[in-house]
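Work through the exercises below with the structure in view. Try each task before reading its solution.

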Amino acid sequence: MKNRMLTVFAMMAMVVFMAGCAKVPQMEIDNAKAAVEDARAAGADLYQQAQFGAVQDSLKVALANVEKQKSKLFSRYGAVKVQLEGVKTLAMQVKESTLVRINEIKQEIQTTMTEVTALIEENKTLLTKAPKGKEGREALEQIKTDMTGIETSVTDAQNMLNTGDLLGTLDKIKAAKEKSMGINAELKAAIEKSQAGKKRK
Amino acid sequence: MKYYRSFWIFFIIIFIIGVLLIGTFTFFSYLPDTPDNEINQARVALAGARQARADIYVPEMFTEASALYDSAISNWQFQNEKFVLNRNFSKSISFALASERKATAAKKLAVTNAANIQSNLQLVMNSIEKQIEVFERAFVDLPVREEIRKTYQRGKLMLSEAKVCYASGNFLVCNDRVKQARSAIDLATDSAKGMLDNYFTHFSLWQKLFKETIDYSKSNHTTVLIIDKISKTCRVYSNGVLKSTYDVELGKNWMGTKLYRGDKRTPEGKYRINKKKSGHQTKYYKAMLLDYPSEADKQRFNQEKKKGNIPRKATIGDLIEIHGGGGKGVDWTNGCIALANNDIDELFDKVPEGTPVTIIGSLITKDELLKK
(Lines give C-alpha, C1' and ligand atoms only; values in the text may rest on other atoms or scores of the structure.)
Protein backbone atom coordinates (compact mmCIF):
# COMPACT_ATOMS: atom_id res chain seq x y z
CA MET A 1 0.00 0.00 0.00
CA LYS A 2 2.72 2.37 1.09
CA ASN A 3 4.85 1.53 -1.97
CA ARG A 4 1.93 2.00 -4.33
CA MET A 5 1.24 5.47 -2.94
CA LEU A 6 4.87 6.47 -3.23
CA THR A 7 4.87 5.36 -6.91
CA VAL A 8 1.79 7.45 -7.61
CA PHE A 9 3.40 10.49 -5.97
CA ALA A 10 6.61 9.97 -7.90
CA MET A 11 4.72 9.70 -11.22
CA MET A 12 2.71 12.83 -10.47
CA ALA A 13 5.91 14.68 -9.63
CA MET A 14 7.43 13.49 -12.93
CA VAL A 15 4.39 14.70 -14.94
CA VAL A 16 4.49 18.07 -13.16
CA PHE A 17 8.23 18.33 -13.79
CA MET A 18 7.89 17.36 -17.48
CA ALA A 19 4.99 19.77 -18.05
CA GLY A 20 6.80 22.62 -16.31
CA CYS A 21 9.84 22.17 -18.52
CA ALA A 22 8.04 22.19 -21.94
CA LYS A 23 10.44 23.64 -24.52
CA VAL A 24 9.95 27.05 -26.13
CA PRO A 25 9.15 26.44 -29.84
CA GLN A 26 12.21 28.38 -30.98
CA MET A 27 12.30 26.81 -34.44
CA GLU A 28 8.68 27.78 -35.10
CA ILE A 29 9.36 31.30 -33.80
CA ASP A 30 12.40 31.68 -36.04
CA ASN A 31 10.53 30.30 -39.04
CA ALA A 32 7.60 32.67 -38.54
CA LYS A 33 9.90 35.66 -38.08
CA ALA A 34 11.90 34.71 -41.18
CA ALA A 35 8.72 34.34 -43.25
CA VAL A 36 7.56 37.83 -42.15
CA GLU A 37 10.96 39.29 -43.03
CA ASP A 38 10.82 37.52 -46.40
CA ALA A 39 7.45 39.13 -47.11
CA ARG A 40 8.83 42.53 -46.13
CA ALA A 41 11.88 42.02 -48.34
CA ALA A 42 9.56 41.20 -51.24
CA GLY A 43 7.94 44.62 -50.73
CA ALA A 44 4.81 43.60 -48.84
CA ASP A 45 5.04 46.67 -46.59
CA LEU A 46 4.75 48.81 -49.75
CA TYR A 47 2.51 46.85 -52.08
CA GLN A 48 0.30 44.91 -49.63
CA GLN A 49 0.26 47.23 -46.65
CA ALA A 50 -3.00 46.04 -45.07
CA GLN A 51 -2.20 42.35 -45.41
CA PHE A 52 1.34 42.83 -44.19
CA GLY A 53 0.04 44.77 -41.18
CA ALA A 54 -2.21 41.83 -40.34
CA VAL A 55 0.72 39.40 -40.55
CA GLN A 56 2.84 41.58 -38.27
CA ASP A 57 -0.02 41.74 -35.83
CA SER A 58 -0.46 37.95 -35.87
CA LEU A 59 3.24 37.51 -35.17
CA LYS A 60 2.94 39.88 -32.22
CA VAL A 61 0.02 37.85 -30.84
CA ALA A 62 1.94 34.60 -31.18
CA LEU A 63 5.09 36.00 -29.56
CA ALA A 64 3.06 37.45 -26.69
CA ASN A 65 1.48 34.04 -26.22
CA VAL A 66 4.93 32.45 -26.06
CA GLU A 67 5.82 34.81 -23.22
CA LYS A 68 2.49 34.13 -21.56
CA GLN A 69 3.28 30.42 -21.54
CA LYS A 70 6.79 31.07 -20.28
CA SER A 71 5.30 33.00 -17.34
CA LYS A 72 3.19 30.01 -16.36
CA LEU A 73 4.39 27.35 -13.97
CA PHE A 74 3.21 24.69 -16.39
CA SER A 75 3.93 25.94 -19.91
CA ARG A 76 2.09 24.46 -22.85
CA TYR A 77 3.17 25.53 -26.31
CA GLY A 78 0.86 23.40 -28.46
CA ALA A 79 -1.55 26.20 -29.34
CA VAL A 80 1.30 28.71 -29.81
CA LYS A 81 3.02 26.36 -32.25
CA VAL A 82 -0.15 26.22 -34.31
CA GLN A 83 -0.35 30.02 -34.20
CA LEU A 84 3.25 30.40 -35.32
CA GLU A 85 2.67 27.98 -38.17
CA GLY A 86 -0.35 30.07 -39.15
CA VAL A 87 1.77 33.24 -39.14
CA LYS A 88 4.36 31.57 -41.33
CA THR A 89 1.73 30.41 -43.83
CA LEU A 90 0.06 33.83 -43.87
CA ALA A 91 3.39 35.59 -44.39
CA MET A 92 4.18 33.28 -47.31
CA GLN A 93 0.78 34.01 -48.84
CA VAL A 94 1.34 37.75 -48.43
CA LYS A 95 4.73 37.42 -50.08
CA GLU A 96 3.12 35.59 -52.99
CA SER A 97 0.37 38.18 -53.38
CA THR A 98 3.01 40.94 -53.18
CA LEU A 99 4.90 39.42 -56.07
CA VAL A 100 1.67 39.13 -58.04
CA ARG A 101 0.83 42.79 -57.27
CA ILE A 102 4.33 43.91 -58.31
CA ASN A 103 3.91 42.11 -61.61
CA GLU A 104 0.51 43.70 -62.11
CA ILE A 105 1.95 47.17 -61.47
CA LYS A 106 4.87 46.50 -63.80
CA GLN A 107 2.46 45.36 -66.48
CA GLU A 108 0.25 48.41 -65.93
CA ILE A 109 3.31 50.67 -66.22
CA GLN A 110 4.39 48.95 -69.40
CA THR A 111 0.93 49.18 -70.95
CA THR A 112 0.54 52.84 -69.96
CA MET A 113 4.02 53.66 -71.28
CA THR A 114 3.17 52.05 -74.61
CA GLU A 115 -0.10 53.99 -74.71
CA VAL A 116 1.62 57.27 -73.88
CA THR A 117 4.31 56.70 -76.50
CA ALA A 118 1.63 55.94 -79.10
CA LEU A 119 -0.33 59.04 -78.03
CA ILE A 120 2.79 61.22 -78.32
CA GLU A 121 3.40 59.92 -81.84
CA GLU A 122 -0.26 60.42 -82.77
CA ASN A 123 -0.20 63.93 -81.33
CA LYS A 124 2.89 64.75 -83.37
CA THR A 125 1.04 63.68 -86.53
CA LEU A 126 -2.06 65.62 -85.47
CA LEU A 127 0.10 68.70 -84.90
CA THR A 128 1.04 68.75 -88.56
CA LYS A 129 -2.63 68.61 -89.53
CA ALA A 130 -3.88 71.16 -86.98
CA PRO A 131 -5.09 74.57 -88.21
CA LYS A 132 -2.33 77.20 -88.01
CA GLY A 133 -4.25 80.43 -88.46
CA LYS A 134 -4.38 83.37 -86.06
CA GLU A 135 -4.31 82.10 -82.46
CA GLY A 136 -3.99 78.54 -83.76
CA ARG A 137 -0.26 78.89 -84.21
CA GLU A 138 0.19 80.29 -80.70
CA ALA A 139 -1.86 77.42 -79.29
CA LEU A 140 0.20 74.92 -81.27
CA GLU A 141 3.39 76.39 -79.85
CA GLN A 142 1.91 75.86 -76.40
CA ILE A 143 0.98 72.29 -77.24
CA LYS A 144 4.49 71.65 -78.51
CA THR A 145 5.91 72.83 -75.17
CA ASP A 146 3.37 70.63 -73.38
CA MET A 147 4.43 67.65 -75.46
CA THR A 148 8.10 68.25 -74.71
CA GLY A 149 7.17 68.26 -71.02
CA ILE A 150 5.33 64.97 -71.41
CA GLU A 151 8.29 63.39 -73.20
CA THR A 152 10.55 64.50 -70.34
CA SER A 153 8.03 63.03 -67.91
CA VAL A 154 8.12 59.68 -69.73
CA THR A 155 11.93 59.68 -69.53
CA ASP A 156 11.73 60.51 -65.81
CA ALA A 157 9.23 57.67 -65.36
CA GLN A 158 11.61 55.27 -67.12
CA ASN A 159 14.43 56.36 -64.79
CA MET A 160 12.18 55.90 -61.76
CA LEU A 161 11.25 52.45 -63.00
CA ASN A 162 14.94 51.56 -63.26
CA THR A 163 15.42 52.56 -59.62
CA GLY A 164 12.52 50.28 -58.64
CA ASP A 165 10.07 53.01 -57.59
CA LEU A 166 7.06 51.29 -59.15
CA LEU A 167 4.31 53.31 -57.47
CA GLY A 168 6.02 56.62 -58.26
CA THR A 169 6.51 55.51 -61.85
CA LEU A 170 2.87 54.51 -62.17
CA ASP A 171 1.65 57.88 -60.87
CA LYS A 172 4.00 59.74 -63.21
CA ILE A 173 3.12 57.77 -66.29
CA LYS A 174 -0.61 57.95 -65.54
CA ALA A 175 -0.35 61.75 -65.31
CA ALA A 176 1.56 61.82 -68.60
CA LYS A 177 -1.16 59.70 -70.19
CA GLU A 178 -3.94 62.00 -68.97
CA LYS A 179 -2.09 65.05 -70.27
CA SER A 180 -1.44 63.35 -73.64
CA MET A 181 -5.09 62.38 -73.90
CA GLY A 182 -6.07 66.00 -73.19
CA ILE A 183 -3.79 67.25 -75.98
CA ASN A 184 -5.07 64.53 -78.29
CA ALA A 185 -8.68 65.58 -77.70
CA GLU A 186 -7.80 69.28 -78.12
CA LEU A 187 -6.00 68.67 -81.42
CA LYS A 188 -8.74 66.41 -82.78
CA ALA A 189 -11.39 69.00 -81.87
CA ALA A 190 -9.41 71.78 -83.56
CA ILE A 191 -8.92 69.71 -86.73
CA GLU A 192 -12.57 68.69 -86.80
CA LYS A 193 -13.66 72.31 -86.34
CA SER A 194 -11.41 73.55 -89.09
CA GLN A 195 -12.57 70.78 -91.48
CA ALA A 196 -16.21 71.60 -90.71
CA GLY A 197 -15.45 75.26 -91.47
CA LYS A 198 -13.85 74.36 -94.81
CA LYS A 199 -16.88 72.27 -95.79
CA ARG A 200 -19.25 75.17 -95.02
CA LYS A 201 -17.21 77.45 -97.29
CA MET B 1 -4.51 -1.82 17.43
CA LYS B 2 -4.54 -2.31 13.67
CA TYR B 3 -7.54 0.03 13.43
CA TYR B 4 -5.68 2.81 15.31
CA ARG B 5 -2.63 2.44 13.05
CA SER B 6 -4.70 2.79 9.85
CA PHE B 7 -6.44 5.80 11.34
CA TRP B 8 -3.09 7.52 11.99
CA ILE B 9 -1.80 6.74 8.49
CA PHE B 10 -5.00 8.14 6.97
CA PHE B 11 -4.74 11.21 9.22
CA ILE B 12 -1.12 11.84 8.25
CA ILE B 13 -1.96 11.52 4.52
CA ILE B 14 -4.87 13.95 4.85
CA PHE B 15 -2.65 16.29 6.80
CA ILE B 16 0.09 16.17 4.12
CA ILE B 17 -2.47 16.74 1.36
CA GLY B 18 -3.90 19.66 3.33
CA VAL B 19 -0.48 21.18 3.86
CA LEU B 20 0.33 20.69 0.14
CA LEU B 21 -2.94 22.33 -0.89
CA ILE B 22 -2.41 25.29 1.42
CA GLY B 23 1.21 25.55 0.24
CA THR B 24 0.18 25.44 -3.44
CA PHE B 25 -2.53 28.05 -2.85
CA THR B 26 -0.07 30.30 -1.01
CA PHE B 27 2.53 29.78 -3.76
CA PHE B 28 0.11 30.70 -6.58
CA SER B 29 -1.25 33.67 -4.68
CA TYR B 30 2.30 35.06 -4.49
CA LEU B 31 2.89 34.61 -8.25
CA PRO B 32 3.02 38.03 -9.90
CA ASP B 33 0.34 39.05 -12.43
CA THR B 34 1.53 38.63 -16.03
CA PRO B 35 1.23 41.63 -18.37
CA ASP B 36 -0.59 39.74 -21.14
CA ASN B 37 -3.81 41.78 -20.91
CA GLU B 38 -2.02 45.11 -21.05
CA ILE B 39 0.23 43.92 -23.85
CA ASN B 40 -2.74 42.65 -25.82
CA GLN B 41 -4.47 46.02 -25.44
CA ALA B 42 -1.32 47.82 -26.57
CA ARG B 43 -1.04 45.52 -29.58
CA VAL B 44 -4.65 46.17 -30.57
CA ALA B 45 -4.12 49.92 -30.19
CA LEU B 46 -0.96 49.73 -32.32
CA ALA B 47 -2.76 47.76 -35.03
CA GLY B 48 -5.51 50.39 -35.05
CA ALA B 49 -2.94 53.17 -35.28
CA ARG B 50 -1.22 51.44 -38.19
CA GLN B 51 -4.55 50.99 -39.93
CA ALA B 52 -5.14 54.74 -39.58
CA ARG B 53 -1.71 55.21 -41.22
CA ALA B 54 -0.23 56.73 -38.07
CA ASP B 55 3.14 55.43 -39.32
CA ILE B 56 2.80 57.96 -42.15
CA TYR B 57 0.80 60.83 -40.71
CA VAL B 58 2.34 60.90 -37.18
CA PRO B 59 5.49 58.81 -37.65
CA GLU B 60 7.24 59.96 -34.49
CA MET B 61 4.32 59.12 -32.23
CA PHE B 62 3.82 55.78 -33.91
CA THR B 63 7.50 54.89 -33.61
CA GLU B 64 7.40 55.84 -29.94
CA ALA B 65 4.31 53.68 -29.32
CA SER B 66 5.99 50.74 -31.13
CA ALA B 67 9.17 51.20 -29.11
CA LEU B 68 7.18 51.17 -25.86
CA TYR B 69 5.47 47.95 -26.97
CA ASP B 70 8.86 46.38 -27.77
CA SER B 71 10.13 47.46 -24.33
CA ALA B 72 7.10 45.84 -22.69
CA ILE B 73 7.82 42.57 -24.50
CA SER B 74 11.57 42.74 -23.78
CA ASN B 75 10.91 43.33 -20.13
CA TRP B 76 8.46 40.46 -20.03
CA GLN B 77 11.07 38.20 -21.63
CA PHE B 78 13.68 39.38 -19.15
CA GLN B 79 11.43 38.70 -16.16
CA ASN B 80 10.54 35.27 -17.52
CA GLU B 81 14.20 34.33 -17.31
CA LYS B 82 14.12 34.80 -13.54
CA PHE B 83 12.91 32.31 -10.90
CA VAL B 84 9.17 32.32 -10.77
CA LEU B 85 8.92 34.05 -7.38
CA ASN B 86 11.45 36.72 -8.30
CA ARG B 87 9.53 37.95 -11.34
CA ASN B 88 8.16 41.47 -11.41
CA PHE B 89 6.08 42.52 -14.38
CA SER B 90 5.20 46.03 -13.22
CA LYS B 91 7.66 47.68 -15.64
CA SER B 92 6.38 45.62 -18.52
CA ILE B 93 2.81 46.54 -17.61
CA SER B 94 3.64 50.23 -17.40
CA PHE B 95 5.41 50.09 -20.81
CA ALA B 96 2.39 48.35 -22.32
CA LEU B 97 -0.02 50.90 -20.85
CA ALA B 98 2.13 53.77 -22.12
CA SER B 99 2.29 52.12 -25.55
CA GLU B 100 -1.49 51.77 -25.65
CA ARG B 101 -1.99 55.42 -24.66
CA LYS B 102 0.52 56.60 -27.25
CA ALA B 103 -0.91 54.39 -30.00
CA THR B 104 -4.47 55.54 -29.25
CA ALA B 105 -3.38 59.17 -29.37
CA ALA B 106 -1.40 58.52 -32.56
CA LYS B 107 -4.43 56.96 -34.22
CA LYS B 108 -6.60 59.94 -33.30
CA LEU B 109 -4.05 62.43 -34.54
CA ALA B 110 -3.39 60.42 -37.71
CA VAL B 111 -7.07 60.49 -38.59
CA THR B 112 -7.20 64.27 -38.01
CA ASN B 113 -3.95 64.87 -39.90
CA ALA B 114 -5.06 62.72 -42.83
CA ALA B 115 -8.37 64.58 -43.06
CA ASN B 116 -6.59 67.93 -42.80
CA ILE B 117 -4.01 67.00 -45.41
CA GLN B 118 -6.76 65.71 -47.70
CA SER B 119 -8.91 68.84 -47.51
CA ASN B 120 -5.88 71.10 -47.58
CA LEU B 121 -4.58 69.33 -50.67
CA GLN B 122 -7.86 69.92 -52.45
CA LEU B 123 -7.70 73.61 -51.58
CA VAL B 124 -4.09 73.97 -52.65
CA MET B 125 -4.73 72.11 -55.91
CA ASN B 126 -7.66 74.42 -56.64
CA SER B 127 -5.55 77.46 -55.92
CA ILE B 128 -2.78 76.20 -58.23
CA GLU B 129 -5.41 75.65 -60.93
CA LYS B 130 -6.44 79.29 -60.53
CA GLN B 131 -2.82 80.38 -60.68
CA ILE B 132 -2.42 78.42 -63.92
CA GLU B 133 -5.51 80.15 -65.33
CA VAL B 134 -3.98 83.53 -64.48
CA PHE B 135 -0.70 82.53 -66.08
CA GLU B 136 -2.46 81.31 -69.21
CA ARG B 137 -4.43 84.55 -69.43
CA ALA B 138 -1.69 87.02 -68.61
CA PHE B 139 1.62 85.52 -69.59
CA VAL B 140 1.17 82.80 -72.16
CA ASP B 141 1.18 85.31 -75.03
CA LEU B 142 4.20 87.13 -73.65
CA PRO B 143 7.63 86.22 -74.97
CA VAL B 144 8.70 84.81 -71.62
CA ARG B 145 12.06 83.12 -71.48
CA GLU B 146 12.26 79.46 -72.42
CA GLU B 147 13.22 78.42 -68.90
CA ILE B 148 10.18 80.20 -67.44
CA ARG B 149 7.95 78.39 -69.92
CA LYS B 150 9.59 75.07 -69.07
CA THR B 151 9.23 75.70 -65.34
CA TYR B 152 5.57 76.53 -65.85
CA GLN B 153 5.14 73.36 -67.89
CA ARG B 154 6.81 71.28 -65.20
CA GLY B 155 4.44 72.77 -62.64
CA LYS B 156 1.44 71.81 -64.74
CA LEU B 157 2.68 68.25 -65.09
CA MET B 158 3.36 68.01 -61.36
CA LEU B 159 -0.21 69.11 -60.69
CA SER B 160 -1.46 66.37 -63.01
CA GLU B 161 0.64 63.86 -61.08
CA ALA B 162 -0.70 65.22 -57.80
CA LYS B 163 -4.24 64.67 -59.04
CA VAL B 164 -3.45 61.07 -59.98
CA CYS B 165 -1.95 60.47 -56.51
CA TYR B 166 -4.95 62.13 -54.85
CA ALA B 167 -7.34 59.91 -56.78
CA SER B 168 -5.42 56.80 -55.69
CA GLY B 169 -5.48 57.98 -52.05
CA ASN B 170 -1.74 58.45 -51.95
CA PHE B 171 -1.98 61.75 -50.10
CA LEU B 172 1.59 62.05 -48.93
CA VAL B 173 3.05 61.67 -52.43
CA CYS B 174 0.25 63.93 -53.63
CA ASN B 175 1.38 66.48 -51.05
CA ASP B 176 4.92 66.24 -52.34
CA ARG B 177 3.80 66.72 -55.97
CA VAL B 178 1.56 69.62 -54.96
CA LYS B 179 4.54 71.30 -53.29
CA GLN B 180 6.63 70.82 -56.43
CA ALA B 181 3.80 72.09 -58.62
CA ARG B 182 3.25 75.12 -56.38
CA SER B 183 6.93 75.97 -56.32
CA ALA B 184 7.30 75.64 -60.12
CA ILE B 185 4.16 77.65 -60.89
CA ASP B 186 5.13 80.29 -58.30
CA LEU B 187 8.58 80.55 -59.82
CA ALA B 188 7.23 80.83 -63.35
CA THR B 189 4.58 83.38 -62.31
CA ASP B 190 7.07 85.45 -60.31
CA SER B 191 9.57 85.44 -63.17
CA ALA B 192 6.90 86.37 -65.71
CA LYS B 193 5.52 89.05 -63.38
CA GLY B 194 9.04 90.34 -62.90
CA MET B 195 9.45 90.62 -66.66
CA LEU B 196 6.13 92.42 -66.93
CA ASP B 197 6.94 94.73 -63.99
CA ASN B 198 10.21 95.59 -65.61
CA TYR B 199 8.56 96.21 -68.96
CA PHE B 200 5.83 98.39 -67.47
CA THR B 201 8.35 100.76 -65.86
CA HIS B 202 8.10 102.52 -69.25
CA PHE B 203 4.33 102.92 -68.99
CA SER B 204 4.41 106.69 -68.29
CA LEU B 205 6.62 107.17 -71.36
CA TRP B 206 4.18 105.14 -73.46
CA GLN B 207 1.30 107.31 -72.19
CA LYS B 208 3.25 110.45 -73.04
CA LEU B 209 4.08 109.19 -76.56
CA PHE B 210 0.46 108.19 -77.11
CA LYS B 211 -0.88 111.58 -75.95
CA GLU B 212 1.63 113.50 -78.08
CA THR B 213 0.71 111.44 -81.16
CA ILE B 214 -3.05 111.84 -80.67
CA ASP B 215 -2.62 115.57 -79.99
CA TYR B 216 -0.58 115.82 -83.17
CA SER B 217 -3.31 114.03 -85.11
CA LYS B 218 -5.93 116.40 -83.68
CA SER B 219 -4.05 119.61 -84.22
CA ASN B 220 -2.83 118.71 -87.71
CA HIS B 221 -6.05 116.98 -88.82
CA THR B 222 -4.04 114.03 -89.92
CA THR B 223 -3.94 110.24 -89.68
CA VAL B 224 -1.56 108.57 -87.24
CA LEU B 225 -0.86 104.93 -86.35
CA ILE B 226 -0.45 103.60 -82.84
CA ILE B 227 1.05 100.12 -82.53
CA ASP B 228 0.11 98.61 -79.16
CA LYS B 229 2.47 95.69 -78.57
CA ILE B 230 0.64 94.07 -75.64
CA SER B 231 -2.75 94.00 -77.36
CA LYS B 232 -0.97 93.25 -80.67
CA THR B 233 -2.98 95.88 -82.55
CA CYS B 234 -2.37 98.62 -85.04
CA ARG B 235 -4.80 101.47 -84.32
CA VAL B 236 -5.59 104.07 -86.95
CA TYR B 237 -6.55 107.52 -85.63
CA SER B 238 -7.81 110.41 -87.77
CA ASN B 239 -8.10 113.84 -86.15
CA GLY B 240 -7.40 112.14 -82.86
CA VAL B 241 -10.33 109.71 -83.26
CA LEU B 242 -9.92 105.94 -83.49
CA LYS B 243 -11.07 104.83 -86.92
CA SER B 244 -9.95 101.23 -87.23
CA THR B 245 -7.93 98.51 -85.52
CA TYR B 246 -5.93 95.67 -87.10
CA ASP B 247 -4.31 92.62 -85.52
CA VAL B 248 -0.56 92.54 -85.87
CA GLU B 249 2.29 90.11 -85.36
CA LEU B 250 5.62 91.29 -84.03
CA GLY B 251 9.21 90.24 -83.54
CA LYS B 252 9.67 86.99 -81.64
CA ASN B 253 11.14 88.83 -78.62
CA TRP B 254 8.86 91.85 -78.86
CA MET B 255 8.95 92.80 -75.18
CA GLY B 256 11.32 95.73 -74.75
CA THR B 257 12.56 98.13 -77.36
CA LYS B 258 14.85 97.10 -80.18
CA LEU B 259 18.51 97.51 -79.31
CA TYR B 260 20.44 95.97 -82.21
CA ARG B 261 20.11 93.99 -85.43
CA GLY B 262 19.08 90.40 -84.86
CA ASP B 263 17.60 90.81 -81.37
CA LYS B 264 14.16 90.04 -82.89
CA ARG B 265 12.56 92.92 -81.01
CA THR B 266 10.16 95.48 -82.42
CA PRO B 267 11.34 99.04 -81.72
CA GLU B 268 9.39 101.42 -79.48
CA GLY B 269 9.14 105.17 -80.01
CA LYS B 270 7.97 107.73 -82.55
CA TYR B 271 8.59 107.01 -86.22
CA ARG B 272 7.23 107.97 -89.62
CA ILE B 273 6.49 106.02 -92.76
CA ASN B 274 9.43 106.70 -95.05
CA LYS B 275 8.41 104.70 -98.06
CA LYS B 276 5.53 102.56 -99.25
CA LYS B 277 6.46 99.42 -101.19
CA SER B 278 4.44 96.98 -103.25
CA GLY B 279 4.91 94.41 -106.02
CA HIS B 280 8.58 93.53 -106.57
CA GLN B 281 9.74 96.11 -104.01
CA THR B 282 8.86 93.80 -101.11
CA LYS B 283 8.60 90.10 -100.45
CA TYR B 284 5.78 90.70 -97.93
CA TYR B 285 3.02 91.62 -100.38
CA LYS B 286 2.93 95.30 -99.37
CA ALA B 287 5.16 97.18 -96.95
CA MET B 288 5.63 100.58 -95.34
CA LEU B 289 9.21 101.31 -94.31
CA LEU B 290 9.71 103.19 -91.05
CA ASP B 291 12.48 105.67 -90.35
CA TYR B 292 14.08 103.39 -87.76
CA PRO B 293 16.57 104.01 -86.24
CA SER B 294 15.59 107.38 -84.82
CA GLU B 295 18.02 109.69 -83.06
CA ALA B 296 16.77 108.34 -79.71
CA ASP B 297 17.43 104.77 -80.92
CA LYS B 298 20.98 105.64 -81.98
CA GLN B 299 21.68 107.30 -78.65
CA ARG B 300 20.35 104.29 -76.75
CA PHE B 301 22.33 101.90 -78.93
CA ASN B 302 25.58 103.76 -78.22
CA GLN B 303 24.88 103.95 -74.49
CA GLU B 304 24.06 100.25 -74.20
CA LYS B 305 27.11 99.32 -76.26
CA LYS B 306 29.31 101.38 -73.93
CA LYS B 307 27.77 99.60 -70.95
CA GLY B 308 28.47 96.27 -72.62
CA ASN B 309 24.80 95.29 -72.66
CA ILE B 310 24.90 94.44 -76.36
CA PRO B 311 27.49 92.47 -78.32
CA ARG B 312 30.56 94.47 -79.37
CA LYS B 313 30.18 93.67 -83.06
CA ALA B 314 26.41 94.35 -83.12
CA THR B 315 24.94 96.98 -85.42
CA ILE B 316 21.77 98.95 -84.79
CA GLY B 317 19.83 97.47 -87.73
CA ASP B 318 17.32 99.01 -90.12
CA LEU B 319 14.50 98.08 -92.48
CA ILE B 320 11.76 98.01 -89.86
CA GLU B 321 8.50 97.87 -91.78
CA ILE B 322 4.79 97.47 -91.39
CA HIS B 323 4.16 94.73 -93.94
CA GLY B 324 1.85 91.95 -95.12
CA GLY B 325 2.28 88.21 -94.79
CA GLY B 326 0.80 88.20 -91.28
CA GLY B 327 -2.16 86.29 -89.88
CA LYS B 328 0.05 83.35 -88.84
CA GLY B 329 -1.12 83.59 -85.24
CA VAL B 330 2.38 83.77 -83.82
CA ASP B 331 5.06 86.45 -83.44
CA TRP B 332 7.52 85.58 -86.13
CA THR B 333 9.14 88.70 -87.65
CA ASN B 334 12.67 89.94 -87.03
CA GLY B 335 11.23 93.13 -85.51
CA CYS B 336 8.78 94.29 -88.19
CA ILE B 337 5.02 94.64 -87.76
CA ALA B 338 3.11 92.13 -89.87
CA LEU B 339 -0.57 92.40 -90.86
CA ALA B 340 -2.70 89.95 -92.80
CA ASN B 341 -2.62 90.76 -96.52
CA ASN B 342 -6.24 91.96 -96.67
CA ASP B 343 -5.57 94.23 -93.68
CA ILE B 344 -2.41 95.71 -95.21
CA ASP B 345 -4.45 96.34 -98.37
CA GLU B 346 -6.84 98.54 -96.37
CA LEU B 347 -4.17 100.25 -94.32
CA PHE B 348 -1.95 100.86 -97.34
CA ASP B 349 -4.67 102.98 -98.92
CA LYS B 350 -5.43 104.90 -95.69
CA VAL B 351 -1.96 106.19 -94.85
CA PRO B 352 0.39 108.26 -96.98
CA GLU B 353 4.17 108.41 -96.70
CA GLY B 354 5.19 110.62 -93.80
CA THR B 355 2.40 109.29 -91.54
CA PRO B 356 3.52 109.23 -87.88
CA VAL B 357 3.72 105.75 -86.38
CA THR B 358 4.10 105.48 -82.61
CA ILE B 359 5.02 102.10 -81.21
CA ILE B 360 4.36 101.60 -77.50
CA GLY B 361 4.24 98.72 -75.06
CA SER B 362 0.69 99.06 -73.83
CA LEU B 363 -2.25 101.41 -73.71
CA ILE B 364 -3.58 99.83 -70.53
CA THR B 365 -1.89 99.53 -67.14
CA LYS B 366 -0.32 96.32 -65.91
CA ASP B 367 -3.10 95.85 -63.37
CA GLU B 368 -5.77 96.24 -66.04
CA LEU B 369 -3.90 93.72 -68.15
CA LEU B 370 -3.72 91.19 -65.35
CA LYS B 371 -7.41 91.65 -64.54
CA LYS B 372 -8.47 91.09 -68.14
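Contact here means heavy atoms within 4.5 Å. The model is predicted.

**Exercise 1. Which residues does Arg50(B) touch, leaving out those up to four places away in sequence?**

Step 1. Find the residue. Arg50(B) sits in helix H2 of chain B, residues 36-51.

Step 2. List its contacts. In chain A, Arg50(B) touches Gly53(A), Gln56(A) and Lys60(A). In chain B, it touches Asp55(B) and Phe62(B).

Step 3. Check for a salt bridge. A side-chain nitrogen of Lys or Arg must be within 4 Å of a carboxyl oxygen of Asp or Glu. For Arg50(B), the nearest side chain of opposite charge is Asp57(A), 5.3 Å away. Arg50(B) is buried, yet it has no salt bridge.

**Exercise 2. Over which ring does the charged end of Lys60(A) sit?**

Step 1. Start from Lys60(A), one of the residues touched by Arg50(B).

Step 2. Look for the ring. The charged end of Lys60(A) sits over Tyr69(B), 5.1 Å from the ring centre.

Step 3. Turn to another lysine. Lys276(B) lies over the face of Phe348(B), and the distance to the ring centre is 4.6 Å.

**Exercise 3. Why is the pair of Tyr199(B) and Trp254(B) edge-to-face?**

Step 1. Count the pairs. The whole structure holds 15 aromatic pairs over all chains.

Step 2. Take the geometry of this pair. The ring centres of Tyr199(B) and Trp254(B) are 6.4 Å apart and the planes meet at 70 degrees, so the pair is edge-to-face. The cut-off for that class is over 60 degrees.

Step 3. Tyr199(B) belongs to helix H7 (171-199) of chain B, and Trp254(B) to the loop between strands E3 (241-247) and E4 (269-278) of chain B, so the pair ties together parts 55 residues apart in sequence.

Step 4. Tyr199(B) and Trp254(B) are both buried.

**Exercise 4. How many helices and how many strands does chain A have?**

Step 1. Count the elements. Chain A has seven helices and zero strands. Its pattern along the sequence reads α-α-α-α-α-α-α.

Step 2. Check burial. Chain A has 201 residues, and 38% of them count as buried.

Step 3. Zoom in on helix H6 of chain A, residues 136-163, which holds Thr148(A). Thr148(A) has 40% relative accessibility, so it counts as partly exposed.

Step 4. Compare sequence and space. Thr148(A) and Ile120(A) are 28 residues apart in sequence, with 9.5 Å between their C-alpha atoms.

Methods. Residues are numbered from 1 along each chain as its sequence is written. Chains are lettered from A and ligands numbered from 1 in the order in which they are written. This is a predicted model: local features need pLDDT of at least 70, side-chain atom pairs count only at pLDDT 80 or more; totals for chains, interfaces and linings use all residues. Side-chain values use heavy atoms; hydrogens and water are left out. Rings of Phe, Tyr and Trp (its six-membered ring) pair if their centres lie within 6.5 Å; planes under 30 degrees apart count as stacked, over 60 as edge-to-face and the rest as tilted. Helices (H or I, at least four residues) and strands (E, at least two) are DSSP runs, numbered from the N terminus. Buried means under 20% relative accessible area, exposed over 50%, partly exposed in between (1.4 Å probe, protein chains only). A charge sits over a ring if NZ of Lys or CZ of Arg is within 6 Å of the ring centre and within 35 degrees of the ring normal. Lys and Arg count as positive and Asp and Glu as negative; His and the chain ends are not counted.
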